[in-house]
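I am opening these entries to record what I looked up, item by item. The sequence and the coordinates come before the notes.

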Amino acid sequence: MDRWSGRVAVVTGASSGIGAAIAQELVKKGLKVVGLARRVERVQELEESLKSALGKLYPRKCDVTKEEEVKEAFKWVKDNLGGTDILVNNAGVASVNTLADGPVEIWRKLFDLNVLALSICTKEALQSMKEKGVDDGHIIHINGIAGHKVLEGLAFYSSSKHAVTALTEGLRRELVNEKSKIRVTSISPGFVRTEITRASGFTPEMLEAFKDAPFLESQDIADAVLYVLGTPPHVQIHELIIKPLGETI
């Protein structure tokens with residue numbers, strides 16, 4: 001990780017859970033980390049706790065489903081920190097719904113955040129890297145096991161994560177064709193103990209069913225990000241699937 005010290009990472013959804021854990025670990029490794037979130041006050045609280053770390057956390061309020069806010073955020077990064085070296089696309093949401101009943105507005109929210117926002121952030125990060133002259137940057141998508149199978153009751157969420165799997169491979173091929181050394185990685189965790197279940201409308205019955213299931217912690221995914229970034233520049237970790245021991249899905 002030494003080669004990343006002093007460089008700039010953008011982490012979306014940095015207000016809690018996996019995003020907050022990733023931002024914290026990157027700051028500890030000496031990076032300048034821009035934490036994007038709607039609930040920016042939470043990122044500001046995290047910033048206070050990292051005052052003595054090697055790097056620095058820069059909280060920025062941003063709803064990544066709004067293209068103009070994303071563009072403004074990356075412009076701020078360019079104007080104040082010189083541009084982006086690493087992007088971690090962490091922001092995402094799940095939702096319990098059916099193809100028979102919808103509701104359609106939930107489907108739109110899923111794709112707006114899990115697919116379109118991820119793609120827009122990726123586009124802005126790549127443009128920033130090219131303008132900065134970075135040819136060893138890294139883009140990391142926090143995907144999920146739903147990107148590789150269809151979870152019962154979560155078909156539409158699973159389809160959004162399958163899109164992330166396809167977008168990862170699509171970008172890899174684009175970068176290869178450009179002879180770029182920028183890397184792209186999909187990290188697909190199994191169940192992680194975060195706020196996403198409550199935020200995604202899981203029923204009390206579903207939460208009860210998962211009560212005794214094995215879970216990963218947010219720190220486990222942050223450690224995976226450090227591993228991926230710490231590999232030699234010629235190594236492409238394309239897909240990393242992480243499950244808690246004993247997971248049956």
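Which hand does the crossing of α4 and α5 have? I find that α4 crosses α5 in a right-handed sense, where right-handed means that the near helix is turned clockwise from the far one by less than a right angle, and left-handed that it is turned anticlockwise.

I note the ground rules before going on: this is a predicted model, in which local features need pLDDT of at least 70 and side-chain atom pairs count only at pLDDT 80 or more, while totals for chains, interfaces and linings use all residues. Residues are numbered from 1 along each chain as its sequence is written, and side-chain values use heavy atoms, with hydrogens and water left out.

**Entry: α4 with α5**

I looked up the packing angle of α4 and α5, which is about 15°, with the axes 9 Å apart; axes here are lines fitted to C-alpha atoms, for helices over the stretch in contact, and angles run from 0 to 180 degrees between N-to-C directions. That makes the two helices α4 and α5 roughly parallel, the classes being roughly parallel under 35 degrees, roughly antiparallel over 145, roughly perpendicular from 65 to 115, and oblique for the rest. On the α4 side the contact (heavy atoms within 4.5 Å) includes Trp107, Leu110 and Phe111, and on the α5 side Phe156, Tyr157 and Leu167 are among the residues involved. By class I record 13 nonpolar, five polar and one charged residue for the contact of α4 with α5, with Ala, Val, Leu, Ile, Met, Phe, Trp, Tyr, Cys and Pro counted as nonpolar, Asp, Glu, Lys and Arg as charged, and the others, Gly among them, as polar.

**Entry: α3 with α4**

I then turned to α3 (residues 67–81) and α4 (residues 104–132), which pack at about 25° with their axes 10 Å apart, and α3 and α4 are therefore roughly parallel. Their crossing is right-handed. The contact is formed by Glu67, Val70, Lys71, Phe74 and Lys78 from α3, and by Ile120, Cys121, Glu124, Ala125 and Glu131 from α4. I count the classes for α3 with α4 as five nonpolar, no polar and five charged residues.

**Entry: α1 with α8**

For α1 (residues 17–28) and α8 (residues 218–230) I read axes that come within 8 Å and cross at roughly 45°, so α1 and α8 are oblique to each other. The crossing of α1 and α8 is right-handed. Among the residues in contact are Gly17, Ile18 and Ala21 of α1 and Ser218, Gln219 and Ile221 of α8. The residues of the contact of α1 with α8 divide into nine nonpolar, three polar and one charged.

Leaving aside neighbours within four places in sequence, the contacts of Thr12 include Leu36, Val64 and Cys121.

**Entry: loops**

Arg38, in the loop between β2 (32–37) and α2 (40–49), is exposed at a relative accessible area of 59%. Beyond four places in sequence, Arg38 is in contact with Lys61, Cys62 and Asp63.

Most residues other than glycine have a negative phi, and most peptide bonds are trans. I list two cases here: Lys179, in the loop between α5 (155–177) and β6 (183–189), has a positive phi near 55°, and the peptide bond from Gly102 to Pro103 is cis, with omega near 5°. Lys179 is exposed, with a relative accessible area of 72%, and Pro103 lies in the loop between β4 (86–89) and α4.

How values were computed. Helices (H or I, at least four residues) and strands (E, at least two) are DSSP runs, numbered from the N terminus. Buried means under 20% relative accessible area, exposed over 50%, partly exposed in between (1.4 Å probe, protein chains only).
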